[in-house]
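Thanks for coming, everyone. Have a look at the structure on the screen, and I'll talk you through a few spots.

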Amino acid sequence: MLNMKKYYLTLLSSSSDLATLLGQNGEILSAYPEEVTKFPLVVYEDSNQRDVAFSDNLPQGTAASVRIHIFTKVLTDYPTTSAIGNVIHNLFRGDFWTCTANTEIDDVDDSVKHRIMDFTREFYSF
C-alpha cells in the first residue's frame, strides 16, 4: 500500500495559491480535530484504499479515496470555502484525481463555513 497521508500532505503543501489563502493562521491537518478552533483549516482524511487490477491473483494497483474538509470564518478577512475549494479542486484535478463530491454543509456555528470534498484516483505499478 502507498503512504497516502504523506502523498496528500505533499500535494496540498506544494500549492503556493493554497498557502496564500490559508495565510499564517491557516493550517493543514491529517486528522479531524475534536474541535475546530483555528481558521482557515484544511483537513484531509485517507478514507479508503483498496487493491485493483488483479493479475495472477496479485493486485497491480491501488484505488485511493480522500475526503477534504475546509473550515473558514464568515468574516471579510477570511477566504471563502469556495475559494479554497477551487484551489484544492484544481490541484487534485491537475494530479489526475476525480472529484466525486463537493458540498457546503451547514455548521452549528453560523459564523463558520464547512465544505467537504471527496476525490478518488487509481495508481498502477505495472
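**Around Leu-22**

Let's start with Leu-22: leaving out residues up to four places away in sequence, Leu-22 touches Glu-27, Ile-28, Pro-40, Val-42 and Ile-84, where contact means heavy atoms within 4.5 Å. Before going on, this is a predicted model, where local features need pLDDT of at least 70, side-chain atom pairs count only at pLDDT 80 or more, and totals for chains, interfaces and linings use all residues. Residues are numbered from 1 along each chain as its sequence is written, and side-chain values use heavy atoms, with hydrogens and water left out.

Leu-22 sits in helix H2, residues 16-22; helices are DSSP runs (H or I, at least four residues) and strands are too (E, at least two), numbered from the N terminus. Is Leu-22 buried or exposed? Leu-22 counts as buried because its relative accessibility is 7%; buried is under 20% relative accessible area, exposed over 50%, partly exposed in between, with a 1.4 Å probe and protein chains only.

Now helix H1, residues 4-13: its buried residues are Met-4, Tyr-8, Leu-11 and Leu-12. Down the axis of H1 they fall within an arc of 95°, so they line one face of the helix; that arc is taken from the directions from the helix axis to the C-beta atoms. Their cover includes H2, strand E1 (27-29) and helix H3 (81-93).

Last stop, Trp-97, which is buried, with a relative accessible area of 0%. Tyr-7, by contrast, counts as partly exposed at 27% relative accessibility.
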